[in-house]
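Welcome! Here is a friendly walk through a few residues and the contacts around them. Have the model open beside the text as you read.

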Amino acid sequence: MADANRIRIFDTTLRDGEQSPGASMNIVEKVEVARALAALGVDIIEAGFPIASQGDFEAVRAVAAEVAGTTVCGLARCNDRDIDRAWEALQYAQSPRIHVFLATSAIHREHKLKMTREQVVERAVASVRRAKGYCSDVEFSPEDAARTEVDFLCEVVEAAIAAGATTVNIPDTVGYATPTQYAAVITALRERVPNIGQAVISVHCHNDLGLAVANSLAACEVGARQVECTINGIGERAGNAALEEIVMALKTRADYYGLTTGIKTERLYPVSRMVSTITGLTVQRNKAIVGRNAFAHEAGIHQDGMLKERSTYEIMRPEEVGVPKTDLVLGKHSGRHALRDRVTELGYHLNEDQLEILFEDFKTLADKKKEVYDEDLVVLIEKHIQDVAAHWTLVSLHTTAGTSVTPTATVCIRRPDGQLVQDAAIGDGPVDAIFKAVERVTGITANLREFGVRGVTGGKDAQGEVSLELEVESDDRTFRGRAASTDIIEASAEAYLNAVNAIATRRERDHPREVIGRPGAGA
């Protein structure tokens with residue numbers, strides 16, 4: 001690296017982050033997030049694990065082909081099939097990287113791999129060489145490095161670099177390390193591996209003990225020059241080191257660390273909101289940097305200090321991370337140009353057709369709630385980048401409910417062939433009745449696993465966002481639906497129908513000629 005004090009930011013939101021339960025993204029959403037990450041200034045985007053599934057392969061290939069200005073990386077286990085598949089997905093990237101990994105700790109060698117030390121080294125070397133035959137940028141990770149014997153870790157890292165690895169990642173796979181111990185591991189590698197200067201030392205920390213960011217920063221202090229992290233810290237189990245926290249710690253305490261990144265920090269908050277909206281993983285209010293309370297002050301003493309001198313209680317300015325003092329409020333009199341500018345500022349890339357449809361939805365919402373905030377707009381935008389075919393669309397809805405009334409719902413739905421179908425059902429409440437009515441029309445029966453409602457913004461006229469998960473007994477996966485409206489009953493219907501459409505899309509891919517739904521349903 002030209003600048004020895006610059007930290008490369010390796011973002012794995014699309015790979016490790018997506019492994020958070022319920023956080024899966026479709027191809028369109030992955031490409032949108034990847035574009036936002038590139039605009040944010042991340043150095044490397046780990047787009048996925050191509051061998052994992054056809055969907056993951058296609059997502060990595062789409063990101064590689066459509067996202068420029070950053071390195072696009074694909075993950076592969078240390079075997080020929082994985083590496084070949086990774087290159088097949090990455091081959092059209094402007095700057096491709098293959099990331100190979102193999103467990104090295106005694107626990108993994110004995111119980112998972114059933115391999116000796118010698119066999120692990122041999123496999124690692126062969127895999128790095130195979131990957132090197134495809135592209136010059138190869139990263140090697142000794143999985144569970146933080147629990148690997150230091151002598152053996154040095155041996156395998158030296159061998160991987162000799163085989164051609166340009167980056168060696170030292171992962172704390174299970175979040176077991178502590179800052180002092182982890183820094184000592186990095187120091188040992190720098191002192192004891194003769195060819196360590198030929199590769200960048202990277203770190204990848206998990207947050208099982210709440211130490212992912214602290215461990216990553218401790219490693220940077222002693223020579224690591226790449227940090228693997230995710231937006232909002234999402235990831236397996238308790239998550240990964242949070243990108244926004246790493247970056248702002250280095251920027252705010254530049255006096256201490258003396259290190260820099262290439263991140264455009266004013267983009268952090270918009271990208272955080274984008275990832276939260278797309279994955280459905282809500283950012284906790286007191287989350288550092290991007291939480292709603294990160295720059296909020298309620299205590300009288302704090303408020304008094306802030307009014308006298310901001311730096312008394314704020315070590316960063318909200319504008320540095322993209323938190324506006326006030327949202328740009330759009331209303332029913334706002335035009336297409338203002339809407340287009342705001343969409344771009346929020347980090348989204350919509351074509352003219354999508355913008356035109358968004359504008360109509362925006363005007364409809366503005367008539368309902370007078371003021372449309374950024375959070376409202378993000379929800380509307382997400383509706384138009386979902387990669388789910390609208391097999392059925394809600395035309396109208398009527399519900400009846402009360403303390404002495406049997407809850408009833410009547411739905412009118414447009415079928416894939418354009419026919420309008422109407423049916424009704426009763427339930428334990430209006431939402432349950434809606435779901436049963438939709439089942440009657442579509443013929444798709446599913447179990448409701450999760451159901452959540454949150455206010456998108458404040459105020460009595462705020463949109464309510466409904467997110468839910470459906471499980472189909474005959475399938476091996478869950479299907480998510482999400483929708484927002486000033487009427488949460490309507491949002492519930494739209495979210496349920498969105499999930500049902502996802503089920504129908506999956507079935508159509510598996511059985512292209514299958515006609516879904518009951519032709520004679522309703523009247």
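T167 belongs to strand β6, which covers residues 167-172; helices (H or I, at least four residues) and strands (E, at least two) are DSSP runs, numbered from the N terminus. This is a predicted model, in which local features need pLDDT of at least 70 and side-chain atom pairs count only at pLDDT 80 or more, while totals for chains, interfaces and linings use all residues. Residues are numbered from 1 along each chain as its sequence is written, and side-chain values use heavy atoms, with hydrogens and water left out.

With a relative accessible area of 1%, T167 is buried. Here buried means under 20% relative accessible area, exposed means over 50%, and partly exposed is in between (1.4 Å probe, protein chains only). Leaving aside neighbours within four places in sequence, T167 is in contact with R8, R97, V138, E139, F140, A199, V200, S202 and Q226, where contact means heavy atoms within 4.5 Å. The C-alpha atoms of T167 and I201 are 6.0 Å apart, although 34 residues separate the two along the chain.

**A buried glutamate**

E228 sits in strand β8 (residues 226-229). Is E228 buried or exposed? Its relative accessibility is 0%, so E228 counts as buried. Not counting residues up to four places away in sequence, E228 touches F10, H99, E139, N169, S202, V203, H204, C205 and A241.

Two of these neighbours, N169 and H204, also meet E228 through polar contacts between side chains. A polar contact is a pair of N or O atoms within 3.5 Å; within protein, one must be able to donate a hydrogen and the other to accept it, and residues adjacent in sequence count only if both atoms are side-chain atoms. The contact with N169 spans 3.5 Å, and the one with H204 spans 2.9 Å.

**Salt bridges**

A salt bridge is a side-chain nitrogen of Lys or Arg within 4 Å of a carboxyl oxygen of Asp or Glu. How many salt bridges does the structure hold? There are 34, and the table shows some of them.

| Pair | N to O distance |
|---|---|
| E66 and R35 | 3.2 Å |
| R97 and D137 | 3.0 Å |
| K112 and E143 | 3.0 Å |

E66 and R35 form a salt bridge. Because E66 lies in helix α2 and R35 in helix α1 (residues 27-40), this pair ties together parts that are 31 residues apart in sequence. E66 is partly exposed at 44% relative accessibility, and R35 is partly exposed at 27%.

R97 and D137 meet in another salt bridge. R97 is in strand β4 (residues 96-103) and D137 in the loop between α5 and β5, so the pair ties together parts that are 40 residues apart in sequence. Both R97 and D137 are buried, with D137 at a relative accessible area of 16%. Not counting residues up to four places away in sequence, D137 touches T71, P96, R97, I98 and T166.

K112 and E143 make a further bridge. K112 lies in helix α4 (residues 106-113) and E143 in strand β5, so their bridge ties together parts that are 31 residues apart in sequence. K112 is partly exposed, with a relative accessible area of 45%, whereas E143 is buried at 15%. Elsewhere, salt bridges that share partners join R15, D16 and E46 into one network.

The axes of helix α2 (residues 54-66) and helix α3 (residues 80-90) come within 7 Å and cross at roughly 40°. That makes α2 oblique to α3. Q54, F57, V60, R61 and A64 in α2 meet R85, E88, A89 and L90 in α3. Axes are lines fitted to C-alpha atoms, for helices over the stretch in contact, and angles run from 0 to 180 degrees between N-to-C directions. Angles under 35 degrees count as roughly parallel, over 145 as roughly antiparallel, 65 to 115 as roughly perpendicular and the rest as oblique.

Finally, some backbone angles. Most residues other than glycine have a negative phi. D144, in the loop between β5 (138-143) and α6 (150-163), has a positive phi near 60°, and D144 is buried at 0% relative accessibility. R237 also has a positive phi, of about 55°. R237 is found in the loop between β8 and α9 (243-252) and is partly exposed at 49%.
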